[in-house]
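Thank you all for making the time this morning. I would like to walk you through one structure, going from a single residue out to the chain as a whole, so please have a look at it first.

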Amino acid sequence: MSKVVIVQYETRPESADENQRLVEDVMSELAHDDPGGLRYAAFRLGDGVSFVHIVVSEDDREPLAHSTAFKAFQRGIGERVVPGTLARTEAAIVGSYRF
């Protein structure tokens, strides 16, 4: 059974581009290493400072725990994110098309 986690937050305006670069680094590493059993999408919203990440793990493994780029992304997240805006929610897929 798939585990789905949705993370949403707002970055400080001066940190939004750096946050995007760090997310892109994670995606690049995942594409290169292909840990398997993982689907991950990240979005920068229209306001330019809000981000949404959707992580689908197909088993109990935590593939991101072994990612050097993800660890770099997590370092300093407290300084990039506006306090009180970080929300992490588990979800269940009720339908999807090509995701």
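**A walk through the model**

Let me begin with Thr-11, which counts as buried because its relative accessibility is 0%, where buried means under 20% relative accessible area, exposed means over 50% and partly exposed lies in between, with a 1.4 Å probe and protein chains only. Before I go on, please keep in mind that this is a predicted model, in which local features need pLDDT of at least 70 and side-chain atom pairs count only at pLDDT 80 or more, while totals for chains, interfaces and linings use all residues. Residues are numbered from 1 along each chain as its sequence is written, and side-chain values use heavy atoms, with hydrogens and water left out.

Back to Thr-11, which sits in the loop between S1 and H1; helices (H or I, at least four residues) and strands (E, at least two) are DSSP runs, numbered from the N terminus. Which residues does Thr-11 touch, not counting residues up to four places away in sequence? They are Ala-16, Asn-19, Val-49, Phe-51, Arg-80, Val-81 and Val-82, a contact being heavy atoms within 4.5 Å.

One of those neighbours, Phe-51, brings us to the aromatic rings, of which the structure holds two pairs. In one of them, Tyr-9 and Phe-51 are stacked, with 5.6 Å from centre to centre and 15° between the planes. For the cut-offs, rings of Phe, Tyr and Trp (its six-membered ring) pair if their centres lie within 6.5 Å, and planes under 30 degrees apart count as stacked, over 60 as edge-to-face and the rest as tilted. This pair links distant parts of the chain, since Tyr-9 belongs to strand S1 and Phe-51 to strand S3, 42 residues apart. Tyr-9 is buried, with a relative accessible area of 3%, and Phe-51 also counts as buried, at 3% relative accessibility.

Tyr-9 leads on to the largest nonpolar core, which has 18 residues, and in which Tyr-9, Val-26, Tyr-40, Leu-64 and Phe-73 touch the most other members. By a nonpolar core I mean a set of buried Ala, Val, Leu, Ile, Met, Phe, Trp, Tyr and Cys residues joined through side-chain atoms within 4.5 Å. Where does this core come from? Strand S1 (3-10), helix H1 (16-33), strand S2 (38-44), strand S3 (50-57) and helix H2 (68-74) each supply at least two residues, and the largest share, five residues, comes from H1. As for Val-26, if we leave out residues up to four places away in sequence, it touches Tyr-40, Leu-64, Ala-69, Phe-70 and Phe-73. In soluble globular proteins, nonpolar side chains tend to be buried together.

Let me turn to the charged side chains. How many salt bridges does a search of the whole structure find? It finds five, a salt bridge being a side-chain nitrogen of Lys or Arg within 4 Å of a carboxyl oxygen of Asp or Glu.

In one of them, the side chains of Lys-3 and Glu-62 meet at 3.3 Å, N to O, and this pair links distant parts of the chain, with Lys-3 in strand S1 and Glu-62 in the loop between S3 and H2, 59 residues apart. Lys-3 is partly exposed, with a relative accessible area of 29%, and Glu-62 is partly exposed at 45%.

Another salt bridge joins Asp-17 and Arg-44, whose closest N and O atoms are 3.0 Å apart; here Asp-17 in helix H1 and Arg-44 in strand S2 are 27 residues apart. Asp-17 is exposed, with a relative accessible area of 57%, whereas Arg-44 counts as partly exposed at 32%.

Then there is Arg-39 with Glu-58, the closest N and O atoms being 3.5 Å apart. Arg-39 lies in strand S2 and Glu-58 in the loop between S3 and H2, so this pair ties together parts that are 19 residues apart in sequence.

To finish, the chain as a whole. The protein chain has three helices and four strands, and read along the sequence they follow the pattern β-α-β-β-α-α-β. Of its 99 residues, 33% count as buried. Along its principal axes, the C-alpha trace spans about 40 × 30 × 20 Å. Finally, residues 24 or more positions apart account for 74% of the contacts with a separation of 6 or more.
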